[in-house]
Every structure is written in C-alpha cells, then in structure tokens.
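Please read it beside the sequence and the structure shown here.

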Amino acid sequence: MVLITRRIDFSASHVYHNPQLSAEENRRIFGKCNNPHGHGHNYTLEVTVAGEPDPVTGMVLDLKELKEILAREVMQRMDHRHLNHEVPELAGQIPTCENIARVIWNLLEPKIKQGLLHRVRLYESPDLFADCFRNGTAGSRGNT
Amino acid sequence: MGAKANSAELIIELGRRYHFSASHRLHTAHLSEEENSRVFGKCNNPFGHGHNYVLEVSVSGPVDPATGMIANLADLDGFVEQAVLQVFDHKSLNEDVAVFLDKVPTTENLCIDIYERLKNFSHAKLERVRIEETRNNSFEYAGQQFARVPVASSAEKEQR
C-alpha cells in the first residue's frame with residue numbers, strides 16, 4: 001500500500017458560539033473565539049489516499065481528479081466563506097477543527113473512487129490541527 | 001485493495017504543537033571518553049549545545065456536541081505548560097531535569113519522558129507525542145503498545 005497526500009489552502013471566517021449556553025458560558029468556554037463578529041484563519045488541508053499503484057500508470061489515483069474533487073467539494077464550499085453562515089454541512093455545529101475535518105471527510109470519502117481515503121488533516125494554524133480517519137487505519141493504532 | 005468502503009468508526013484526533021528551547025549533551029558514564037566520542041560525535045562536545053524543539057501532542061476522544069471540541073485548548077495548553085514547558089523550556093536537560101541526571105537526553109528518551117508526563121491528561125486520551133529536534137529529525141512515541149514490530153532485547157541483538 002502506498003499513501004499519497006495532496007495539500008490545499010483555503011481561508012475562511014468563523015465564530016464559536018452555542019446559542020444553548022449563556023453569554024457568560026460562551027465566553028468562558030470559547031474565549032476570544034466567541035468574539036461576536038468572528039475572525040478568520042488560513043486553513044491548510046492535507047488529504048491522504050491509500051492504494052496500490054496501477055501497474056500500467058504507476059499511479060494510486062489521478063492527482064488531477066483529486067485536485068478537481070478538492071476544488072469542488074472543499075474550495076467552492078469553504079474558501080473565502082463564513083463557515084457558520086455559508087456551509088450547510090456545518091449548520092448547528094461549532095466550526096472547530098474537529099468538526100470541519102469530519103465534514104470534509106464525509107464530503108470526500110464517497111467521491112474518491114480510486115484508492116481509499118486514509119486521512120484528512122486540517123490545520124487551522126501551523127500549531128493546531130485535527131486528524132480524521134477510520135479506526136485501525138491511521139494514527140498510533142496501527143496501519144492496515 | 002479495492003475501493004470498497006471501510007465502515008469502521010470515524011476517529012478524530014486533535015493535534016497541537018508547542019515550542020521549547022533547551023540544551024543537552026549526549027554522554028553516558030557507562031562508556032569511556034573515547035567510546036562516548038565515537039558513539040555521540042559532536043553531540044558529545046563537553047559544554048553541550050541546544051535545540052529549538054517542537055513538541056506535537058495528539059489527543060483523541062468524543063467530540064462534545066456542545067463545544068465541537070475533543071478537549072478545550074485552554075485545558076490542554078495549561079496542562080502541557082505546567083507538565084512540560086515549565087520543566088524543559090530554557091533549561092539544560094542534563095542538569096535541570098532529574099530523569100536525565102543518569103539517562104542520556106536523546107530525543108527518543110525525551111519522547112518517552114514527555115509521554116509519561118502527559119498521559120494522565122484528564123480531558124482526552126493522549127495518543128502520541130512527536131518531537132522535532134530539528135526540522136530534519138523527528139521522533140514519536142505512543143506508549144509501550146506503539147511498537148508494531150517486536151523490539152529485540154539486547155541479548156537478541158547480540159545474537160544477530
């Protein structure tokens with residue numbers, strides 16, 4: 001099995017606010033991420049696909065096709081958008097790294113026809129990221 | 001492997017990077033001066049040297065629907081600050097950190113020591129620590145069960 005990773009960058013704004021909590025609780029839990037008018041990040045997304053290289057082409061998958069899937073599913077939805085207001089898949093959720101990574105996983109997994117989606121890593125900043133993967137396939141719990 | 005969908009549960013991990021700077025010298029009293037110099041090379045220079053270390057901490061757990069978080073970053077940052085950064089940042093690993101008074105402060109050993117300091121984080125499960133000693137060298141540890149290949153004992157290595 002070979003892993004292949006493609007990286008893309010997008011920029012978006014968000015705010016952390018749970019309407020079921022009081023204003024004080026929101027401030028206590030979310031800190032400056034609760035500032036009412038929101039703020040933004042340059043996100044970096046790393047998408048890793050696992051598979052065997054095709055004996056004819058030497059490729060696990062056609063990177064051009066992956067690029068198009070990422071453009072359609074992620075860039076068009078999230079780049080230069082407000083994640084709370086403009087991304088229906090995130091409606092009702094706090095747009096944390098964890099939740100965005102899971103939404104991206106769910107968007108990409110059914111679209112990837114060559115190889116298997118192995119890991120989605122979303123960086124909110126160089127020092128904060130979330131990984132999403134199927135149990136037993138990545139992370140420290142072993143590879144298949 | 002075909003393109004058959006895997007139905008195993010989805011796991012989310014949160015990764016956070018921290019930075020600290022420290023000095024060390026790779027040297028062990030179990031070896032002669034010549035052997036130390038041969039084994040550790042310039043890392044054995046008597047007055048030591050330093051690195052800007054990057055510590056990457058990964059934790060897992062259910063994402064709280066109310067907060068969207070595995071763990072509140074303020075809790076994780078506070079725990080790492082107290083358990084690790086205050087102990088290691090701008091210190092001499094050999095002289096200021098008790099465990100390295102009699103253990104070589106390689107980044108392998110540093111990974112194990114920091115994992116042990118962080119494993120009792122109460123808000124999420126510590127998955128692994130990864131340390132970049134320089135941008136070109138990194139080390140990972142995820143507890144004893146991490147080994148995917150059996151670790152040979154010294155006696156077994158002797159037989160090879």
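Is A:C132 buried or exposed? A:C132 is buried, with a relative accessible area of 0%, where buried means under 20% relative accessible area, exposed over 50% and partly exposed in between, for a 1.4 Å probe and protein chains only.

## Basis of the model

This is a predicted model, in which local features need pLDDT of at least 70 and side-chain atom pairs count only at pLDDT 80 or more, while totals for chains, interfaces and linings use all residues. Residues are numbered from 1 along each chain as its sequence is written, chains are lettered from A and ligands numbered from 1 in the order in which they are written, and side-chain values use heavy atoms, without hydrogens and water.

## Cysteines

Over all chains, a search of the whole structure finds zero disulfides, a disulfide being a pair of cysteine sulfur atoms within 2.5 Å. A:C97 is in no disulfide, and the nearest cysteine sulfur, that of A:C33, is 10 Å away. A:C97 is also buried, with a relative accessible area of 2%. For A:C132, the closest cysteine sulfur is that of A:C97, at 12 Å, which is too far for a bond.

## The cavity

The structure holds one cavity of 30 Å³ or more; a cavity is a set of points, on a 1 Å grid over the protein atoms alone, where a 1.4 Å probe fits but cannot get out, and lining residues have an atom within 4 Å of a point. Grid points are joined across faces, edges and corners, and a volume is the space filled by probe spheres set on the points. The largest cavity has about 40 Å³ of space, and the residues that line it include A:L61, A:D62, A:K111 and A:Q114.

Key: On a 1 Å grid over the protein atoms alone, a cavity is a set of points where a 1.4 Å probe fits but cannot get out, and a pocket is an open set with protein on both sides within 12 Å along at least five of seven lines; lining residues have an atom within 4 Å of a point.
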